[in-house]
Structure formats: C-alpha cells, structure tokens
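Biologist: I am new to this structure and would like to learn how to read it. Could we go through it together, one feature at a time?

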Amino acid sequence: MSTPTLRFSVVIPTTGSEAKLLPLLDGLARQAFPRSCFEIIVVFDGAAPSPAVAMRMESLGARAVRLEPRSGPPIARNRGAAVARGEFLVSADDDIVPEAGWLANADRRLAVEPHLDVLEGITKKPGVQPVRIRGDESLQYILCNLFVRRSLFEKIGGFQTGYYDARNGAFFREDADLGYSLELAGARIGRDESVVVEHPIEHPRFLDPLRWAKRYEMDALLRTRFPHRFRERIEVHFLGPFRIRRPIVRACFAYVAGFSGALICALTRQAQPAWLCFGLTGLAFLPVWAKWRFEVRRLPVFLLVPFVLVWSYLLGFTRLRSLGASRLEAAGTDGMRPLP
C-alpha cells in the first residue's frame with residue numbers, strides 16, 4: 001500500500017489563547033479531507049499550550065513549536081514552515097474557524113489546476129461579509145486563508161521579518177510583502193470562493209483602535225520595498241469612476257494638521273482661522289469615525305486614533321535605518337506587469 005501524499009501543512013502562529021485555539025482545532029478535526037493528507041503545526045510564540053489545548057492537539061496529532069521570547073508572526077510563520085513537510089503551506093490565524101470543506105475544496109481546485117502555486121480563499125466575518133472588501137480584482141493575500149507551494153515559499157526566502165516591532169508588538173503588511181514577492185517570482189495565483197474560513201469581528205476591545213493605528217509603522221517598509229504596488233494596491237477604493245487612495249490615512253493627516261492649526265490660531269488669538277481649522281478637523285474625523293461605524297462608546301479613543309496613526313507612520317521611516325539593506329530590497333523590479 002502506498003503512503004498517502006502529504007498535501008497540506010497548516011501553520012498556525014499563536015500567543016497561546018485557549019479561547020481562540022480550541023474552536024480552530026475543532027474546525028480542523030471536522031475537515032472533510034483525509035487526516036493523513038495534512039499536518040497541523042502550531043507555533044507558540046512566547047507562550048505555551050494550556051492543558052486543554054495540549055490534549056486537543058495530541059488527539060489530532062498536531063505538532064507544537066515553541067519560540068522564546070516572543071518573536072512576532074513573520075518569524076513564527078517561518079519557523080513553522082521550516083519544519084513543514086506538505087506540498088503546500090497553509091497559512092492560518094489562531095482565531096479562525098474553517099468550514100468543513102476548507103481543505104477538500106482547496107485540494108479539488110489545485111487538482112483541477114495543478115499549475116497553481118498560490119491559492120487565496122475567502123475570509124468572512126460572522127455571517128457573510130468578507131473581512132476585507134476588494135476595491136478591484138487584486139489579490140489581498142490574507143494570511144488566515146492562503147495556500148502557497150512550499151518550494152516557492154522557500155525560494156523567495158519566506159516572510160520578511162521586519163514587519164514586527166518587538167518594542168510595541170505591532171505587526172502589519174507581511175501578507176502584502178509575501179504576495180508581492182511571490183508575484184515577482186512568477187507565481188501562478190488563483191482565488192476560490194469555496195475555500196472559506198470565518199474570522200471574528202476585528203478590534204472589539206475598547207483600546208483596539210489605538211493598536212490598529214500603531215500598525216501603520218510598517219507602511220514605510222512595504223512602500224520602500226514595493227513602491228508601485230504600494231501606491232496602486234494598498235487601501236485603494238473606488239467611488240464610481242474615481243479611485244481614492246488611502247482615505248483613512250489621508251484623513252488622519254488632515255485631522256492632525258487641522259487640529260494643530262486650530263491650536264496655534266487659538267493661542268495667537270486668531271479666532272476666524274481657528275474656527276476654519278476646527279471645521280477641517282471635524283470633516284477629516286468623519287471618515288475615521290465611519291470606519292468604526294460611528295460607535296459612540298469609544299469616541300474618546302477614536303479622537304486619538306489620527307495622532308497615533310500619523311506618529312506611527314512617520315516613525316516607520318526612521319525605523320528603516322535600523323532594519324538593514326537585506327530587508328529593504330525587493331526581489332526584482334516592482335513593476336505592475338500582469339502575472340504569467
């Protein structure tokens with residue numbers, strides 16, 4: 001009897017939350033796909049499995065990898081990939097719940113199109129709404145539901161590790177960097193709407209908007225490595241025939257500028273310019289507040305978001321000097337040519 005092919009290696013970085021991991025592991029146990037054809041690798045980043053998680057992992061034959069101290073998701077994903085044996089690496093987050101047909105549907109698609117190197121599934125919030133709304137047909141490389149041929153992942157050197165700041169725990173944009181690196185390496189990429197996972201509502205805690213804003217520290221690195229793709233594909237929205245680039249970021253800069261101008265005018269007793277600046281501040285705040293669905297309870301936090309985002313964004317450019325040239329160079333010319 002021939003040994004079954006190990007098709008998938010599901011790699012899950014985690015900080016050890018039992019409340020997140022147990023539903024995910026239960027979802028993996030329900031997969032309508034032969035257990036012998038996929039492995040589960042859980043990378044505990046600066047953490048250890050709880051007794052309940054350890055017991056559930058043992059029942060599934062899952063492998064645990066430990067990182068001490070915490071090293072951040074890019075390094076954790078690389079460490080999991082380093083011990084993986086599957087044909088495809090399956091990038092997952094520790095708070096998703098996959099549908100029962102998740103792996104089976106991915107396998108079916110890859111069998112029909114064996115030339116594909118990358119397959120992006122659909123990530124939904126509870127219900128039917130996608131986590132990210134696409135402005136165009138560009139792939140988004142959401143790392144909680146992404147299949148990458150392991151040989152190609154190794155060829156590009158895996159994840160760039162500069163997208164994590166150990167000082168404040170911020171991480172962001174490693175997904176786009178991986179995707180753009182794969183594109184430049186000639187990856188053949190597809191999307192499949194039957195490959196579905198569910199992700200919880202993002203940023204539910206009171207101070208989460210400030211943590212969200214801190215992530216923009218990572219924009220400078222992605223912008224330096226992939227300038228054209230950054231401009232054309234990061235947070236680009238369409239309003240009819242109009243293309244709007246990075247509306248929240250621009251609104252935050254306008255808010256900070258308006259608030260600063262109003263403060264200066266008030267201190268110098270220029271009443272009319274001060275009111276005009278306050279008006280600009282209020283208009284600029286509306287898109288920021290709209291992102292959080294005009295939630296009143298966290299309004300004091302939202303008023304601070306633009307300051308944190310602008311500071312973090314500018315901090316990212318000073319941080320580039322400490323990262324080293326190897327993290328700043330993209331693998332080839334960052335053109336907008338179509339994929340093979």
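Biologist: At what angle do helix 10 and helix 13 pack, and how far apart are their axes?

Modeller: Keep in mind that this is a predicted model. Two packed helices are described by the angle between their axes and the distance between the axes. Here helix 10 and helix 13 (residues 305-319) pack at about 110°, and their axes are 9 Å apart. Angles of 65 to 115 degrees count as roughly perpendicular, so helix 10 and helix 13 are roughly perpendicular to each other.

Biologist: Which residues make that contact between helix 10 and helix 13?

Modeller: Helix 10 brings Val 249, Cys 252, Phe 253, Tyr 255, Val 256 and Phe 259, while helix 13 brings Pro 306, Phe 307, Leu 309, Val 310, Tyr 313 and Leu 314. By class, the contact of helix 10 with helix 13 has twelve nonpolar residues, with no polar and no charged ones.

Biologist: How do the axes of helix 10 and helix 11 cross?

Modeller: The axes of helix 10 and helix 11 (residues 271-291) come within 7 Å and cross at roughly 155°. Because an angle over 145 degrees counts as roughly antiparallel, helix 10 is roughly antiparallel to helix 11. The crossing of these two helices is left-handed. Among the residues in contact are Ala 251, Tyr 255, Gly 258 and Ala 262 of helix 10, along with Ala 274, Phe 278, Thr 281 and Lys 291 of helix 11. The contact of helix 10 with helix 11 divides into 18 nonpolar residues, three polar and one charged.

Biologist: And helix 1 with helix 2: what are the angle and the distance between axes there?

Modeller: Helix 1 (residues 18-29) and helix 2 (residues 51-60) pack at about 15°, with 10 Å between their axes. An angle under 35 degrees counts as roughly parallel, so helix 1 and helix 2 are roughly parallel to each other. Their crossing is left-handed. On the helix 1 side the contact is made by Glu 18, Leu 21, Leu 22, Leu 25, Asp 26 and Ala 29, and on the helix 2 side by Ala 52, Val 53, Arg 56, Met 57 and Leu 60. This contact of helix 1 with helix 2 has eight nonpolar, no polar and three charged residues.

Biologist: How many cavities of 30 Å³ or more are counted?

Modeller: The count comes to one cavity of 30 Å³ or more. About 100 Å³ of space lies in the largest cavity. Among the residues lining the largest cavity are Val 11, Arg 77, Leu 89, Ser 91, Phe 153 and Leu 178. Helix 3 (73-82), strand 4 (88-91) and strand 7 (146-149) are the elements that give two or more residues to this lining. Strand 4 provides the largest share of the lining, three residues.

Biologist: What classes of residue line the largest cavity?

Modeller: The lining of the largest cavity divides into nine nonpolar residues, one polar and one charged.

Terms used:
Residues are numbered from 1 along each chain as its sequence is written. This is a predicted model: local features need pLDDT of at least 70, side-chain atom pairs count only at pLDDT 80 or more; totals for chains, interfaces and linings use all residues. Side-chain values use heavy atoms; hydrogens and water are left out. Axes are lines fitted to C-alpha atoms, for helices over the stretch in contact, and angles run from 0 to 180 degrees between N-to-C directions. Helices (H or I, at least four residues) and strands (E, at least two) are DSSP runs, numbered from the N terminus. A crossing is left-handed if the near helix is turned anticlockwise from the far one by less than a right angle, and right-handed if clockwise. Contact means heavy atoms within 4.5 Å. Ala, Val, Leu, Ile, Met, Phe, Trp, Tyr, Cys and Pro count as nonpolar, Asp, Glu, Lys and Arg as charged, and the others, Gly among them, as polar. On a 1 Å grid over the protein atoms alone, a cavity is a set of points where a 1.4 Å probe fits but cannot get out, and a pocket is an open set with protein on both sides within 12 Å along at least five of seven lines; lining residues have an atom within 4 Å of a point. Grid points are joined across faces, edges and corners, and a volume is the space filled by probe spheres set on the points.
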